[in-house]
Structures are given as structure tokens and as C-alpha cells.
Amino acid sequence: MGKVVVIDHPLIQHKLTYIRDENTGSKEFRELVEEVSMLMAYEVTRDFPLQETEINTPVGPAKTKVIAGRKVGLVPILRAGLGMVNGMLKLIPAAKVGHVGLYRDPETLKPVEYYCKLPTDLPERDLIVIDPMLATGGSAVAAIGFLKERGAKSIKLVCLIAAPEGISAVQSAHPDVDIFAGAVDSHLNDHGYIVPGLGDAGDRLFGTK
């Protein structure tokens, strides 16, 4: 079973408070989401392997370490996942970015893919699927499934806030995927929103209703 990691660093928890606040406007909301995403990327990449290399400092030669040839791919789930991309790219600037767009069929209530653009070397990359909210888990489960169908082998899921229901759904469908979250909230309400959550992340990022 994949692990669930709650990244409880004080800076992340502090910024999440203002992200949750209904009085935070779109501009500040976007900035805070980007900042938290950058901080979360620090923890998500903690297990990247290192290899030794030699360089010359101004004082003399030194044996140091670099990341061992890791290829990374960021895959935001449209549209809210876009708000987390730039923050992560600040720490992982060489990462390639794919996009997965999903909508819910009004009759079957199942996620339907309407857009998918991914790196051509997908199987060789460590993929980080990003979406601010892990609520029912339907979109995340579907997106990860689409990636696996295209050959992805290493996948992590990163969200700002998760609900227990979403975590259970992802673990049931994809037990090999680790989940990273800034917080795990109480439950989902009758409309599928995380309680207390932060509302609709996409609307708050882009100023829509």
C-alpha cells in the first residue's frame, strides 16, 4: 500500500490557513498556492537518489553529490492543478509538464478524459500528479489510470488538502501510489466538497463562479 504523507511543516500550515480563508482574494490565493506547492515539492523529492561527482571550488577540488539522472514529469489535473505547477517548477526546473483534462459525465457520474498531452518518454519519468483538492478521488483515480495505460510506472499524487474518502479511493484503485497532502480534513459534504476545505480551488484560483 502506498504511503500517505501529511507535510506538516509550519510554513505550509501557516500558508494553508490563509489559502482556506474565504476573505483571501484570487491574487493572494494564487501566490499562496504557488508558495505552498514549492515547499511541498521539497518533501516530495526527498527520496530522489544521489550520485557522487567531483567539482572544483574556488579553493580546490571537492567530492559532492547530484541527483542521479532522475527524469521528472509534472501532470496537473485541469484546471485547478495548473495553480500548483509554477511553484514546483521553481524547485524542479528541468521537469517536463503534461496535462490531463477531465469532466464528469452527467449520466454515469464517471470521469471522462477530454484532453491529454504528455511527455513522449512517459515510462522513463517519475511522475507527480498535482491537484489542490483530493475530494471523492474520482479525478485522481482516473488520471492515474490514464497515465498507467500510457506506460507510466512511477507516480506520486500531491494535493493541498485531502479527504479520507479520496485517500481511500486512490489507495483502493492504485495501491502503489504515494499520496502527499498539506492536510487531511474531516469529510465530504453532500455536494462532494471537503469540510472544512477551502471551497472550489479552481474558482478561487481564477476568479470564477
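Predicted model: local features only at pLDDT ≥ 70, side-chain atom pairs only at ≥ 80, totals over all residues.

Colleague: Which helix is Gln171 found in?
Modeller: Gln171 sits in helix α5, which covers residues 164–173.

Colleague: And is Gln171 buried or exposed?
Modeller: Buried: its relative accessible area is 19%, and the cut-off for buried is under 20%.

Colleague: What lies 3.3 Å from a polar atom of the Gln171 side chain?
Modeller: That would be the backbone oxygen of Gly2.

Colleague: Nice. Zooming out, how many helices and strands does the protein chain have?
Modeller: There are 6 helices and 13 strands. The radius of gyration is 18 Å, close to the 17 Å from the globule rule for 209 residues, so the chain is as compact as a globular protein of that length.

Colleague: What box do the C-alpha atoms fill?
Modeller: Roughly 65 × 40 × 30 Å, along the principal axes.

Colleague: What share of the residues is buried?
Modeller: Buried residues account for 44% of the 209. As for contacts between residues at least 6 apart in sequence, 63% of them join residues at least 24 apart.

Colleague: Changing topic, how far apart are the mean positions of the positive and negative charges?
Modeller: They are 5 Å apart, taking 23 positive and 26 negative charges.

Colleague: And what about the accessible surface?
Modeller: It comes to about 11,000 Å², with 53% belonging to carbon and sulfur atoms.

Note on methods:
Residues numbered from 1 in each chain as written. Heavy atoms only, no water. Helix = DSSP H or I, 4+ residues; strand = E, 2+ residues; numbered from the N terminus. Rg over C-alpha atoms; globule rule 2.2 N^0.38 Å. Buried < 20%, exposed > 50% of the residue type's maximum accessible area, 1.4 Å probe, protein only. Contact = heavy atoms within 4.5 Å. Areas by Shrake-Rupley, 256 points an atom, 1.4 Å probe, with all protein chains shown as cover. Lys, Arg positive; Asp, Glu negative; His and termini not counted. Charge placed at Lys NZ, Arg CZ, Asp CG, Glu CD. Polar contact = N/O pair within 3.5 Å; in protein donor to acceptor, adjacent residues only side chain to side chain.
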